[in-house]
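Subject: Structure handover

Hello,

Here is the structure you asked for. Please open it first, then read the notes below it.

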There are 2 protein chains.
Amino acid sequence: MTRVFNFSAGPATLPEPVLRQAAEEMLDWHGSGMSVMEMSHRGKEFIAIHAEAEKLLRELMAIPANYKVLFLQGGAIGQNAFVPMNLLRGKAGADYVNTGEWSKKSLKEAGKYCSVNVAASAEAGHFTSVPKQDSWKLDPNAAYVHICSNETIGGVEYHWTPDTGSVPLVADMSSNILSRPVDVSRYGLIYGGAQKNIGPSGLTIVIVRDDLIGQALPITPSAFDLKTQADNDSMYNTPPTYAIYIAGLTFQWLKSNGGLAAMEVHNRAKAALLYDYLDSSSFYRNPVAREDRSLMNVPFKLRDDALDAAFLKGAEERGMLQLKGHRSVGGMRASIYNAMPVDGVKALVAYMKEFEASHG
Amino acid sequence: MTRVFNFSAGPATLPEPVLRQAAEEMLDWHGSGMSVMEMSHRGKEFIAIHAEAEKLLRELMAIPANYKVLFLQGGAIGQNAFVPMNLLRGKAGADYVNTGEWSKKSLKEAGKYCSVNVAASAEAGHFTSVPKQDSWKLDPNAAYVHICSNETIGGVEYHWTPDTGSVPLVADMSSNILSRPVDVSRYGLIYGGAQKNIGPSGLTIVIVRDDLIGQALPITPSAFDLKTQADNDSMYNTPPTYAIYIAGLTFQWLKSNGGLAAMEVHNRAKAALLYDYLDSSSFYRNPVAREDRSLMNVPFKLRDDALDAAFLKGAEERGMLQLKGHRSVGGMRASIYNAMPVDGVKALVAYMKEFEASHG
């Protein structure tokens, strides 16, 4: 068996120890005689798995006690609808900051449920930076301010936390959750699909300050009413049990590896290897403002896009997969989430140098 | 390793060959160097897995070409909202037949989006039968007629297909899908959570006649707009990839074991073992009308419910788990889905006899 270096933007590479443990426990979890997949979500075994996953996530992110942690379904794209349904709280609209394709999707969906104020947008600059906070035109009556903390396609990341005063800050953290410490108390609601830094797709994490829930619009589907789910420990409907189990194994792996502070060091080191090389080369380029570059997703272009196919073919031959950029922007993209080892990034940079030498 | 007999109502026991294959392929699917969990849903490997799962499901259920097969999230409880959102098609209301806790949940949720006509209800008889069709008061202007084809809690199942004329028939088949052949062409839409007869929780199957979609209410979340998902091969958002892979393995197992006709023989034989014994005993009883008894979920009570705890303890000691009935009805429940081997039911009946002999 040869494992590849998988640079997919998500679903994405997972820690090998997590996969090994999952394989070992597949037919018989801890002597229960059952796979986790087969367990009733109401049984003592799964309730313990679920509670442990929540406990570890609370510990890793230092989530304050007045926040609910929910394990739901529907992905971040689902939450684009369920956030306004749950958080409008009688208000007419919400503020959105537009930093790329994902925040655009969020604000477009929110427009079905409320008036949307685009408080700031990086679109004119082709989404290569995060608008400085002093340029944001916030509405003091907004129900919340929504950001996408890391744009997976554009490779743009917030390296600071916006100050939204008494208006709750909502963040789609799908692609940088758990990559470094965040101060959860600065947020009203954090959501994210699990398929980048956590586990299998089909699991959606929602972390929400408890005073913000309980006023969902009457049209909110019960399975996505945050109060209903909070009151039922995320089990108003059957949760994605196996995905929660894998998430718990990943949380344990993160903890064993030093938690989020250590993960930040690891992720900064990997990103520096790539960006430093990109900046030293005239053959490759990354268009993002230095202070807003993503530690998770590194898009880059070759000097001549006629070479893209050859670059990708050579990468595949060397066991480096999924480096093709998103179809909306072209070029390349290396997603280097928590579980991407530094050796994967070193191998990529070595190959990029080799390719530049032979095609530059 | 000792595997138990797991009578859980769902998530439920899965075929052991499926679990073995999943364990073997966990770190490296077919020489790809990746777990299925790690694969981009846009990559050629996962697209092949997804297409194969759909092809097998179409083959097993003989799904006509004018039906879309969608692999979504949110469970049947999610669909309770998304069905009216998608299928009202400008009409004011829908018909619901109430045969138990699950159909009650469905019609209550639908009431958020439209007027609900309860065309028939078995509630007066404590949900122990399916109302005969000649008693149904259908509204000819209804957008659709909704049934729950098998009530997991009450153990009541339709053994016939309602005739709703030109009004589309919608069925929540969560707990009996794939247990026997059905004529899909008689339905407008079939939906179900995967966690009984298919695979892990977190995957929802929707089979819908293509002329019924495309008129979703404006409030429908994009991720749950059936037309949007159909136009994107269920990949408008990231689908629950690993659950789809396991579902595909289960579909392959079903095909290798003779498909749904063989499954019906297997399931009838298992159910007969249990019901025949229940009917021969005065110590146990099942309250459901004989012609409406579920082949999947067999609820029963002991003569004296003070013996319930001893019964459950003895069952656990013999490796038979999750026999406790739903909290809303008490007593016992044996869920005997496709993957429950006949030996599991034989072991249960043997234990029931033994328990009756010593406590009767």
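**The interface between the chains**

Chain B and chain A bury about 4900 Å² between them, and carbon and sulfur atoms give 59% of that area. Please keep in mind that this is a predicted model. The contact involves 66 residues of chain B and 66 residues of chain A. Which residues of chain B lose the most area to chain A? They are B:Leu27, B:Met37 and B:Glu38, which together make up 14% of what that side buries.

B:Glu38 also takes part in a salt bridge: its side chain meets that of A:Arg3, with 2.7 Å from N to O. In total, the rule finds two salt bridges across the interface of chain B and chain A.

**Two helices in chain B**

The other finding lies within chain B. Helix H3 of chain B covers residues 75-87, and helix H4 of chain B covers residues 101-110. These helices pack with their axes 8 Å apart, at an angle of about 45°.

Which residues meet where H3(B) and H4(B) pack? From H3(B) come B:Ile77, B:Asn80, B:Ala81 and B:Pro84. On the side of H4(B) they meet B:Trp102, B:Lys105, B:Ser106, B:Glu109 and B:Ala110. Sorted by class, this contact of H3(B) with H4(B) has five nonpolar residues, two polar ones and two charged ones.

Regards

Notes
Residues are numbered from 1 along each chain as its sequence is written. Chains are lettered from A and ligands numbered from 1 in the order in which they are written. This is a predicted model: local features need pLDDT of at least 70, side-chain atom pairs count only at pLDDT 80 or more; totals for chains, interfaces and linings use all residues. Side-chain values use heavy atoms; hydrogens and water are left out. Axes are lines fitted to C-alpha atoms, for helices over the stretch in contact, and angles run from 0 to 180 degrees between N-to-C directions. Helices (H or I, at least four residues) and strands (E, at least two) are DSSP runs, numbered from the N terminus. Contact means heavy atoms within 4.5 Å. Ala, Val, Leu, Ile, Met, Phe, Trp, Tyr, Cys and Pro count as nonpolar, Asp, Glu, Lys and Arg as charged, and the others, Gly among them, as polar. Buried area is the accessible area (1.4 Å probe) that two parts lose on being put together, summed over both. A salt bridge is a side-chain nitrogen of Lys or Arg within 4 Å of a carboxyl oxygen of Asp or Glu.
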